[in-house]
Amino acid sequence: MSTVPHRNRNPVIPVVLRRMRTPLLVLLSAYAIAVLGFSLIPGQDDQGEPWRMSIFHAFYVVSYTGSTIGFGEVPYAFTEAQRLWATISIYLTVIAWLYAVGSLISLLRDPAFHVALDHLRLRHSIARMDEPFHMVCGYGDTGALLVRAITERGGRAIVVESDAARIQALNLREHMPHVPAMHLDARNPEHLVMAGLRNRWCTSVLAVTDDDRTNLKISLAAKLLHPGSHVICRAESDQAADNMASFGTDHVVNGYEHFAFRLQLAITTPDLHQVYDWLTGIPNTDLPERARPPAGRWIVCGYGPLGQAVTRRLLQTGIDVVVVEEQVNEVASGARLVRARATHADALREAGVMEANALLACTDDDADNLSTVMAARQLRSGLFIAARQNALRNKPLFEAAETDLTVEPSYIVSSQVLAILNASLLNDFLDAANEQETSWQRQLAEAIRELAGGRIPVSWTVRVSRKRTPVLADCIEAGKPLALRDLMRDPMDREQSLDCIPLLLRTDADDRLRPAADSPLALGDNILFCGTPRSERTMQRILRNRDLLDFLRTGEHRPGGWVWRQLRSKKKGNPSTGLP
């Protein structure tokens, strides 16, 4: 019967024993032989009488002899036999020491030893975790963006990555708080457990590797081994997404489908597209102002998962689509196929580039996409051009190409994952906003633009409950009036509001978009906000401070420290103290 190694065993000990067992046995044997010889060979004391060393005395002599310290012949001068044995012992023990030290140096340079040492150190680091953390499986472009965004908001993350070069890249970056990185294969359930999957502080598992099968295995392991964790998976195909959703994966993010949906929004409802782009972007980065894609004929160069998703969305919108792809024989019904390489000018002419309104270069090779962009620009200078950027390191090349729209799948996936983690109501709000009038969407876009100050705002959710916000729960249960505006007041000036917008108020009865500031709050309510990082930090402080909330609610400042509470309690027992 096969056995699985116990996950709590120290991984360093087997490596040390495997490499140092023989050197240690050789060293011990050399010392034992030398000690035995000194204890058996007779000597003479200062009176010329026979004398033998004890085992302890012999070990003492061998210790300073073998280490080449050489204290001399003590306590009495050696006989010729003892000197001969001392000479033999010197060579014997020095050679044994050289062999042992050489083996030790080899051990210290052994990659397996360093891996085991890193695993032990990281396992201790995870065991000391005393706050919620996210397990990020995969440290490619998407994983790097997620880790940076999580740590910038003060969250904790653990990275599991099988590529040693990516682990080194992570260790070279300064993240506060520190991000433990484990060089493990996330497809192995034992490795996930070793990384902290069953730790009670592991709140979510983010499977964002570049391989759908790997993400599927991570999701399955997380659901079976830690059912209480929140699992978010990246998928690049509809089949993989359906498979992941079939066994209860909480969220499946398909970056290609999300871009196709955003492109459709940008063409049909540009104001809502701006709102969607800003609210789901990486917080505290530059607020993008993108050109509006045209609604005329589109040329899609490349028919992989992204090309297929975009083609379907454009056809649904009623837009003519021409697909340029050498490796396929058929495309979606309603689209025209040109079987050729899009990097060639003749293929673009055949696709009708001179009559088209827009072109999307979306192969999985950045060089081909840039070649297509340059060829299209030479043929027609005023063409709207979008291009897929597969690797973030190629960003300078795409900026130099001056494309009208750059498709970054890793950025899209990471922004969607962050939206799920930080603001659980955001997707519901965006779905509801899609049903509103164009004027309502325009007003919301203008409000966010004015609020943001050129930076992507932060989105967060506040849940009014005994567990999440006990200060609010105490206030409501005490019968004190509490309105939405009380959470939005600035402690520096309670007559001023924080730089935030309430987007959605979900009550037991209904959902209210852009709720009024005087809306009363009750237990069980959920509020979605967007605003500046400072406004989020300030609101979190309000939610934890009972005295600050009372001040913002009433305008009366009542000292509430421990000493003051003790004085007030004494006043109740002795009114003559004169305390207020």
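How many bridges join strand β3 (residues 133-137) to strand β6 (residues 202-207)? The two strands run parallel and are joined by 5 bridges. Phe133 stands opposite Cys202 in β6. Strands pair here if DSSP finds at least two bridges between them. Helices (H or I, at least four residues) and strands (E, at least two) are DSSP runs, numbered from the N terminus.

The model is predicted: local features need pLDDT of at least 70, side-chain atom pairs count only at pLDDT 80 or more, and totals for chains, interfaces and linings use all residues. Residues are numbered from 1 along each chain as its sequence is written, and side-chain values use heavy atoms, with hydrogens and water left out.

An open sheet of 6 strands has the order β5-β4-β3-β6-β7-β8, with parallel pairing. β5 (181-183) and β8 (251-254) are the edge strands; each has a single partner strand, so one side of each lacks a neighbour in the sheet. On average, neighbouring strands of this sheet are turned by 15 degrees against each other, direction ignored. Axes are lines fitted to C-alpha atoms, for helices over the stretch in contact, and angles run from 0 to 180 degrees between N-to-C directions.

Helix α6 (residues 164-171) packs on the sheet and touches β4 (156-161) and β5. Contact means heavy atoms within 4.5 Å. The direction of α6 makes about 160 degrees with that of β5.

Strand β20 (residues 526-531) pairs antiparallel with β15 (residues 458-463) over 6 bridges. Ser459 has Cys530 as its bridge partner.
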